Amino acid sequence: MNSQVAVMSSPRTKGIILVLIAATLWGVSGTVAQFLFHQQGFSTNWLVVNRLIFSGLGLLFFSHSVGKQNIWSIWRNKQDVFRIVIFGVIGMFGVQYTYFAAIEHGNAATATILQYLAPVIIACYLSFRAKYLPAKNELLAIGLALFGTFLLVTKGNIHSLSISGSAFIWGILSAFALAFYSLYPGSLLNKWGSLLTVGWGMMIGGIAFSFIHPPWKFQGQWNLTSFLAVVFVIIFGTLIAFFCYMESLKYIRASEASLLACVEPLSAAFLAVAWLQVSFGPAEWMGSILIIATIFILSAVKRKSNGA
């Protein structure tokens, strides 16, 4: 009994539990957003701008109170200011808007899984930039991703789409946005940390989009259920999820955390099917598994290249 308690309280176990909580909350958040769009009449514009602003404020508060950082210090360097503005407007806003637009035009399961094409896009970009052909395992991952996407959006029938064309386009755009979001802020993250970088990225993205769609310009049905759903998306699906993920990195490697985060698309798919009765047949499940498998393949390639 004591040995079981010791295992459960080990740092590695804590890290695994934290990242699983984060990934599950992210996945559930996407399904809750689908509920707001499809059943409560909310718009992507309103949810995105408010999620960015309020989540940004929360992360900056965490950075100041928990991380003991001076949240204004990032604005003292002109190069950092330029990079954080680009990250906020293109990276943070881009990934948030395209993802929620894919949900609004389709469903959370398909949108989340399509977004997980980002590692394949990153692998292709890095190969192109370094001017070398992808390794065999990378080519395998690309092939699986393409075939998985085909199954996901057509159910195996080449003559029809199982989702709308706009949902597919937004989903692919969200994968490219996530790739940019993952690659661009490297120097900012190394210098300022994730809480401060992502917090300001959200704030900047939200403030910039406010000029196009003010946070108070609302459409939809306000009731207790929709209010709780919005609170969940902002508090649990963003602030708590992100904080749990960052805490997990204290106990496990980032490569392990990224693999465990694959729970996100699975939780989104299962909940969308069970709660919102989204149609998800054998072809879609197989396509989802193939896309998620690419992450494990690419992770193995990275570990090998690093000599791990």
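Lys131 sits in the loop between α6 (118–130) and α7 (136–154). Helices here are DSSP runs (H or I, at least four residues), numbered from the N terminus. The model is predicted: local features need pLDDT of at least 70, side-chain atom pairs count only at pLDDT 80 or more, and totals for chains, interfaces and linings use all residues. Residues are numbered from 1 along each chain as its sequence is written, and side-chain values use heavy atoms, with hydrogens and water left out.

The phi of Lys131 is near 60°, a positive value in a residue other than glycine. Most residues other than glycine have a negative phi. Lys131 counts as exposed, at 78% relative accessibility. Exposed means over 50% relative accessible area, buried under 20%, and partly exposed in between (1.4 Å probe, protein chains only). Gln277 also has a positive phi, near 55°. Its place is the loop between α13 and α14 (282–305). At 59% relative accessibility, Gln277 counts as exposed.

Now to helix α13 itself. Helix α13 (residues 263–276) packs with helix α5 (residues 108–115) at an angle of about 165°, and their axes are 8 Å apart. Axes are lines fitted to C-alpha atoms over the stretch in contact, and angles run from 0 to 180 degrees between N-to-C directions. That makes α5 roughly antiparallel to α13, a term for angles over 145 degrees. On the α5 side, Ala108, Ala109, Thr112 and Ile113 make the contact. They meet Glu264, Pro265, Ala268, Ala269 and Ala272 in α13. Contact means heavy atoms within 4.5 Å.

Next come the aromatic rings. The whole structure holds 25 aromatic pairs. Rings of Phe, Tyr and Trp (its six-membered ring) pair if their centres lie within 6.5 Å; planes under 30 degrees apart count as stacked, over 60 as edge-to-face and the rest as tilted. Phe62 and Phe243 are stacked, at 4.9 Å centre to centre with 25° between the planes. Phe62 lies in helix α3 (residues 44–65) and Phe243 in helix α11 (residues 224–248), 181 residues apart. Phe62 is partly exposed, at 23% relative accessibility. Phe243 is partly exposed, with a relative accessible area of 23%.

What are the distance and the plane angle for Trp72 and Trp200? Their ring centres are 5.3 Å apart and their planes are at 55°, so the pair is tilted. Trp72 is exposed, at 53% relative accessibility, whereas Trp200 is buried, at 7%. Elsewhere, ring pairs link Phe42, Trp46, Phe218, Trp222 and Phe227 into a cluster.

Definitions and conventions:
Helices (H or I, at least four residues) and strands (E, at least two) are DSSP runs, numbered from the N terminus. Angles under 35 degrees count as roughly parallel, over 145 as roughly antiparallel, 65 to 115 as roughly perpendicular and the rest as oblique.
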